[in-house]
Amino acid sequence: MAYFMEEMSVRDMEHAMEETKTVIIPVGVVEQHGYHLPLSTDIHNAVQPCRYAGDRLNAVVAPSVNYCFSGGECMGTVNVSPNTFGLLISEICQEFARMGFVNIVILLGHGGRDNRIALENTLQMILRRDPVLAKKITLSMVEVDALSQTCLDALNMGEENDFHAGMTETSMMLYWAPELVQDEICMDRQDVAKMMRVDCNWFEKREKKLDHPFIIEHVSQKEEVKIGVMGFPERASRELGEKICNEIVDSLVEYVDFLEDSRKF
């Protein structure tokens, strides 16, 4: 069964550790998701699958980490630098290792290129700097989207894809928090919206004060991006959200079972 730390005492934790040596750390972000979805969408993406897995999930679930790096700059978005995020996750992981957990899973409700790179580098460095610990534990970086074939298919639909705040994310929110989904869907200018469906990093504006390969780019959000929806939210449905949720839960349970089975040999 899943053990949720925010509801547990010290004695509860001691009991849970007799049943499982796997801990899941959900990671979300406070970030714009257009006008139709809440700023907490990616937090729900990370936390809700663990709740829906319920008794099937043999793991301790830590309180979610709700701040990391978005890269966007629309109103309501809170960016924490990738370096700061990486350091925070590093210390959290080391504390769980100190408690005796063998499998530490970072469940990413929010991906993002810079965020993923920072996290992967952090987890690799934990193992590299402590070879003794590296022989005792596994560290996993699991993106929620990667647990659902429906989400993976939507990310690779062809010329235009479904990314941020689009069909899949809106469907997921319609399933696990419909009261937070607004009816009115607003999009950026048609050409801007299309470019963001073609390339999820198109929103980035890259500039150099001097034109030379040694000069570091200044990266910001393009002025023409006002809303930042990178997909097809009008295609969303609660039924699709339920299908995605079931896929995520099944894959997460299967992965945790794999980790738990592996440590027994």
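Biologist: Where is Val80 found?

Modeller: First, a caution: this is a predicted model. Val80 sits in the loop between β3 and α3.

Biologist: Is Val80 buried or partly exposed?

Modeller: Look at the relative accessible area. Buried means under 20%. Val80 has 21%, so it counts as partly exposed.

Biologist: Which residues does Val80 contact, beyond its neighbours within four places in sequence?

Modeller: They are Tyr67, Cys68, Phe69 and Phe85. Val80 and Val30 are 50 residues apart in sequence, and their C-alpha atoms are 9.9 Å apart in space.

Biologist: What about Asn79?

Modeller: Asn79 also lies in the loop between β3 and α3. Its relative accessibility is 34%, so Asn79 counts as partly exposed. Leaving aside neighbours within four places in sequence, Asn79 contacts Cys68, Phe69, Ser70, Gly71 and Gly72. From Asn79 to Ser40 there are 39 residues in sequence and 13 Å in space, C-alpha to C-alpha.

Biologist: Now a helix. Where does Asn115 lie, and is Asn115 buried or exposed?

Modeller: Asn115 is in helix α4. With a relative accessible area of 1%, Asn115 is buried. Beyond four places in sequence, Asn115 contacts Cys68, Phe69, Phe85, Leu108 and His110. Now compare a pair. Asn115 and Pro131 are 16 residues apart in sequence, and 25 Å lies between their C-alpha atoms.

Biologist: How do I read two helices that meet? At what angle do α3 and α4 cross?

Modeller: Take the axes and read two things: distance and angle. The axes of α3 (residues 82–99) and α4 (residues 113–129) come within 9 Å and cross at roughly 40 degrees. That makes α3 oblique to α4. The crossing is right-handed.

Biologist: Which residues make that contact?

Modeller: From α3 come Pro82, Phe85, Gly86, Ile89, Ser90 and Cys93. From α4 come Asp114, Asn115, Ala118, Leu119, Thr122, Leu123 and Ile126. By class, the contact has eight nonpolar, four polar and one charged residues.

Biologist: Why do the residue numbers in a helix skip along like that?

Modeller: Here is the general idea. An α-helix has 3.6 residues a turn, so residues three or four places apart point the same way.

Biologist: At what angle do α2 and α9 pack?

Modeller: The angle is about 75 degrees, with the axes 9 Å apart. That makes α2 roughly perpendicular to α9. Pro49, Cys50, Tyr52 and Ala53 in α2 meet Cys245, Ile248, Val249, Leu252 and Val253 in α9. Sort these by class, and there are nine nonpolar, no polar and no charged residues.

Biologist: Which residues does Leu252 touch?

Modeller: Not counting residues up to four places away, Leu252 touches Ile24, Cys50, Leu57, Leu107 and Leu147.

Biologist: How many residues of α7 are buried?

Modeller: Nine of its 10, so α7 is largely enclosed by the rest of the structure. Among the buried ones are Met167, Glu169, Met172 and Trp176. The buried residues of α7 pack against α2, α6 and α9.

Biologist: Last feature: backbone angles. What should I expect of phi?

Modeller: Most residues other than glycine have a negative phi.

Biologist: What is phi of Ala165?

Modeller: Phi of Ala165 is near 65 degrees, a positive value in a residue other than glycine. Ala165 is in the loop between α6 and α7. At 0% relative accessibility, Ala165 counts as buried.

Methods: Residues numbered from 1 in each chain as written. Predicted model: local features only at pLDDT ≥ 70, side-chain atom pairs only at ≥ 80, totals over all residues. Heavy atoms only, no water. Axes fitted to C-alpha atoms, helices over the stretch in contact; angles between N-to-C directions. Helix = DSSP H or I, 4+ residues; strand = E, 2+ residues; numbered from the N terminus. Parallel < 35°, antiparallel > 145°, perpendicular 65-115°, else oblique. Left-handed = near helix turned anticlockwise from the far one by under 90°. Contact = heavy atoms within 4.5 Å. Nonpolar A, V, L, I, M, F, W, Y, C, P; charged D, E, K, R; others polar. Buried < 20%, exposed > 50% of the residue type's maximum accessible area, 1.4 Å probe, protein only.
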